[in-house]
Amino acid sequence: MEHDADVAALMRELDEAHAALAALRDSEAHYRTLFNSFDDGFMEVEVVQEADGRVVDWRYMVLNPAFERLTGLKDVTGRLVSEFLPDLEPEWAERYTHVVNTGEAVHFEMPASALGRWFSVYLARIGKAGSRRVVAIYSDVTERKRGELALRESEERQAFLLQLSDAVRLLADADEIKFTAARLLGERLHVTRVFYFDVEADGDDFVLQRDYVNGVPSVAGRFSISQFDPHLAENWRGGRTVHSQDVESDQLYSPEQLAAFKATQARAWLGVPLVKTGRLVAVLGMSHAEARVWTKSEIALVEDVADRTWAAVERA
């Protein structure tokens with residue numbers, strides 16, 4: 001009888017164990033389904049630290065399916081972030097360093113320029129002091145950030161144009177108007193030279209009376225457009241804004257033309273033409289001593305300033 005009772009007790013324990021295991025499997029399946037269905041990204045990483053505690057890299061350990069959709073990165077589990085995002089902003093490592101060393105969870109928004117995206121991120125350490133595991137929950141906020149940036153640029157643009165209008169409204173001297181516009185534009189865009197010149201009747205020669213300069217010498221004097229680019233005057237006569245981010249890598253210029261750019265310390269340049277009644281009459285231009293990317297908003301601003309400066313000069 002005792003033997004039968006022991007067997008019955010063992011069977012009950014086995015039944016309970018099987019039931020518990022089934023419940024565990026159901027629970028695991030439930031949470032796995034939730035994990036895989038999250039719209040937000042989830043990742044667990046193991047950080048790599050220097051002796052002083054600074055985080056210099058991290059390895060992706062656990063990722064949910066949303067990770068690939070939100071980042072565009074594939075097959076990164078078990079790999080270091082430095083393998084595929086070597087130019088990631090250093091501020092990311094600073095956030096990981098703070099979380100790992102203090103145990104404080106943080107929430108922040110930051111760009112990942114290499115991915116062309118902005119993320120809203122929640123970071124927290126797993127475990128006690130000394131743990132190198134961190135979890136992150138994050139979402140893509142790129143569109144919102146772009147909207148905020150566009151709004152801020154629009155507000156700053158309008159404020160600058162109002163400043164320009166106020167500065168030239170009472171000026172009666174045409175050359176002073178040109179220089180004031182050049183100075184304000186140069187200070188706004190942080191370039192090394194800005195100039196406005198009238199083009200002579202031949203459509204090529206011009207005299208630069210005065211230029212705004214910052215860290216480079218003035219190049220006021222007589223020039224011809226063709227000495228810098230034989231096709232430049234044609235483009236300008238067609239009303240087309242022309243620019244170069246780096247004349248040394250453009251492979252468009254002859255040694256003589258490159259020498260002309262070098263002599264004026266103009267490695268990057270931008271020129272906006274003013275065409276009236278079919279004739280090229282003036283140009284608002286700028287140059288920078290180093291290579292520079294001209295953004296669409298910067299180009300649009302210079303084109304707007306060129307028109308406003310022309311109107312003010314005509315009034316004067």
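Analyst: Lining the largest pocket are Ala150, Glu153, Ser154, Glu156, Arg157, Arg188, Leu189, Ser297, Glu298 and Leu301. Keep in mind that this is a predicted model, where local features need pLDDT of at least 70, side-chain atom pairs count only at pLDDT 80 or more, and totals for chains, interfaces and linings use all residues. Residues are numbered from 1 along each chain as its sequence is written, and side-chain values use heavy atoms, with hydrogens and water left out.

What's a pocket, then? On a 1 Å grid over the protein atoms alone, it's an open set of points with protein on both sides within 12 Å along at least five of seven lines, and a lining residue has an atom within 4 Å of a point. The volume of the largest pocket is about 170 Å³, counted as the space filled by probe spheres set on points joined across faces, edges and corners.

Three helices, α4 (142-168), α5 (174-189) and α9 (296-315), each bring at least two residues to that lining. The largest share, 5 residues, comes from α4. Helices here are DSSP runs of H or I with at least four residues, strands are E runs with at least two, and both are numbered from the N terminus. Sorted by class, the pocket lining has 3 nonpolar, 2 polar and 5 charged residues. Nonpolar covers Ala, Val, Leu, Ile, Met, Phe, Trp, Tyr, Cys and Pro, charged covers Asp, Glu, Lys and Arg, and the others, Gly among them, are polar.

A cavity is a set of grid points where a 1.4 Å probe fits but cannot get out. The whole structure has 2 cavities of 30 Å³ or more. The largest holds about 310 Å³ of space, and of its 20 lining residues, Phe195, Phe197, Phe206, Phe228 and Phe261 are the closest to its centre. Elements giving two or more residues to this lining are β6 (193-198), β7 (205-208), α6 (232-237), β11 (268-276) and β12 (279-288). Its lining splits into 15 nonpolar, 4 polar and 1 charged.

The second largest cavity has about 170 Å³ of space. Among its 16 lining residues, Met43, Tyr60, Thr71, Trp92 and Phe119 are the closest to its centre. Here β2 (55-63), α2 (66-71), α3 (90-102), β4 (117-126) and β5 (133-140) each supply at least two lining residues. This lining has 15 nonpolar residues, 1 polar and no charged ones.
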